[in-house]
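Student: I would like to learn how to read helix packing, chain contacts and a nonpolar core from a set of coordinates. Could we take these features in turn?

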Amino acid sequence: MKPRLYLALFFIPLGLILAAVPADTTHPYKLSPNDLLEYVNSGMQYFSPDEVADMIIKKDPSLVLIDVRSEDEYEKFHLPGAINIPLSSLLEDQWKDYINQDLRYNVFYSNSTVNANQAWMLCRQLGYENNYVLQGGLNYWVETIMNPEKPAPTSPDEEIARYNFRKGAGQALGGGAETETSSQPAPELPKIAPRPQKKRVQGGC
Amino acid sequence: MGPLVVNEIISQNTNFFLAFLIGIGFGFVLESSGFSSSRKLAGVFYGYDTVVLKVFFTAAIVGMLGMLFMSLFNWIDLDLVYINPTYLWSTIIGGIIMGAGFITGGFCPGTSFCAASIGKIDAMFFIGGMFLGVFIFAEAYPLLEDFYMGSFRGIPTLSEALGLKDGLVVMGIIFAALGMFWVGEWAEKKFPREGY
């Protein structure tokens with residue numbers, strides 16, 4: 001019976017200590033201007049087009065694309081599955097449940113990144129978590145996913161793999177890259193590296 | 001400062017190398033403590049040997065306490081630690097299938113490789129079965145996709161789901177674990193089996 005007693009006497013006090021210390025209060029609700037600047041410089045709020053394309057193709061339910069452009073522009077073109085929350089109406093009550101949630105990754109996008117970043121910054125200062133920005137906006141999306149540029153044959157393997165992924169993804173998402181390859185069998189979608197970690201909003205460590 | 005990989009203190013490759021070393025150590029300990037015997041694993045279900053339950057629950061407690069204390073000392077940022085997303089129904093069904101595999105095969109995925117490495121033929125068949133299952137799942141994926149991806153519940157932790165502080169949940173789990181150890185040892189006395 002001895003070892004069991006020692007085990008219990010070892011674990012129970014440690015558990016009691018953890019139960020007694022106050023919950024983690026080191027993470028501020030609102031970032032100070034300096035923290036925010038550091039955050040923006042590190043680019044941690046961005047999802048790259050490759051990540052987003054991969055998630056769309058895999059039908060990852062944790063992704064919510066939010067188009068912050070006007071309704072007209074949304075009607076003309078939007079990414080598959082995106083919802084439309086024009087920046088001007090972002091703070092209306094009807095959208096609150098979308099932008100203030102702890103379940104999914106919201107990825108804002110606009111034509112460039114300006115409006116999406118504004119939406120992100122508003123949300124960040126309101127203390128809403130899980131909001132991100134599509135890196136480079138739709139312009140960069142079209143450039144990288146819809147019409148990827150073929151790398152030189154001497155490029156490193158990663159670059160060629162990335163090109164192949166983008167070409168496949170562009171075709172799967174209805175891009176313009178198909179003319180060149182329409183005679184080839186439908187390309188398998190190569191995997192991009194999965195997100196190595198849960199990307200959560202935090203300042204420096 | 002932690003997690004080491006996320007904060008780029010060590011590279012992804014170093015991480016794989018460390019995982020490789022830890023994996024070897026894990027396999028060695030599993031084998032040397034007799035986990036490569038399928039009777040040991042089946043014992044959990046029949047109640048005559050609950051070592052597996054005790055070992056893995058102890059590991060969970062040690063890991064849990066370690067993480068929270070390191071967080072308390074500001075050595076690791078728990079918000080950057082990967083948490084498996086919850087897909088409720090696919091997890092439940094997957095758990096049932098895996099449990100059925102445990103009891104019929106007498107191995108869990110880790111111990112099957114341990115047992116195969118010391119030449120147990122049933123373990124090799126078990127591994128073959130695992131690959132067969134993976135293959136069937138992959139081939140049937142288009143049929144299963146809606147179910148597999150459905151019932152997504154985000155990445156909740158127990159404490160968030162219960163609305164309690166991490167520390168309180170930890171203490172509760174420690175008491176639950178000690179209670180389970182006690183029940184396990186009671187079961188071992190209740191359903192003894194000689195020379196398994």
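This is a predicted model: local features need pLDDT of at least 70, side-chain atom pairs count only at pLDDT 80 or more; totals for chains, interfaces and linings use all residues.

Student: At what angle do α1(A) and α8(B) pack?

Tutor: Helix α1, residues 2–20 of chain A, packs against α8(B) at an angle of about 160 degrees, and their axes are 7 Å apart. Angles over 145 degrees count as roughly antiparallel, so α1(A) is roughly antiparallel to α8(B). The crossing in which α1(A) passes α8(B) is left-handed.

Student: How many residues does each chain bring to the contact between chain A and chain B?

Tutor: Chain B gives 27 residues and chain A gives 23 residues. On the side of chain B that touches chain A, the elements giving two or more residues are α3 (51–72) and α8 (166–190) of chain B, and the largest share, seven residues, comes from α8(B). By class, that side of chain B has 19 nonpolar, four polar and four charged residues.

Student: Within chain B, how do the axes of α5 and α6 cross?

Tutor: The axes of α5(B), residues 109–117, and α6(B), residues 121–149, come within 8 Å and cross at roughly 135 degrees. The two helices are therefore oblique to each other, and α5(B) passes α6(B) in a left-handed crossing. Pro109(B), Ser112(B), Phe113(B), Ala115(B) and Ala116(B) of α5(B) meet Ala123(B), Met124(B), Phe126(B), Ile127(B) and Met130(B) of α6(B); these residues divide into nine nonpolar, one polar and no charged.

Student: Which residues have the most contacts inside the largest nonpolar core?

Tutor: The largest nonpolar core has 28 residues, and those with the most contacts inside it are Ile66(A), Val107(A), Phe108(A), Ala116(A), Val133(A) and Leu134(A). Among the elements of chain A that each supply at least two residues of this core are the strands β2 (63–67) and β4 (105–109) and the helix α6 (114–125).

Student: What does Ala116(A) touch, leaving aside its neighbours within four places in sequence?

Tutor: With those neighbours set aside, Ala116(A) is in contact with Val68(A), Phe108(A), Tyr109(A), Ser110(A), Val133(A), Leu134(A) and Gly137(A).

Key. Residues are numbered from 1 along each chain as its sequence is written. Chains are lettered from A and ligands numbered from 1 in the order in which they are written. Axes are lines fitted to C-alpha atoms, for helices over the stretch in contact, and angles run from 0 to 180 degrees between N-to-C directions. Helices (H or I, at least four residues) and strands (E, at least two) are DSSP runs, numbered from the N terminus. Angles under 35 degrees count as roughly parallel, over 145 as roughly antiparallel, 65 to 115 as roughly perpendicular and the rest as oblique. A crossing is left-handed if the near helix is turned anticlockwise from the far one by less than a right angle, and right-handed if clockwise. Two residues are in contact if their C-beta atoms, placed from the backbone, lie within 7 Å. Ala, Val, Leu, Ile, Met, Phe, Trp, Tyr, Cys and Pro count as nonpolar, Asp, Glu, Lys and Arg as charged, and the others, Gly among them, as polar. A nonpolar core is a set of buried Ala, Val, Leu, Ile, Met, Phe, Trp, Tyr and Cys residues joined through C-beta atoms within 7 Å. A residue is buried if 20 or more other C-beta atoms lie within 10 Å of its own, exposed if 12 or fewer, and partly exposed in between; C-beta atoms are placed from the backbone.
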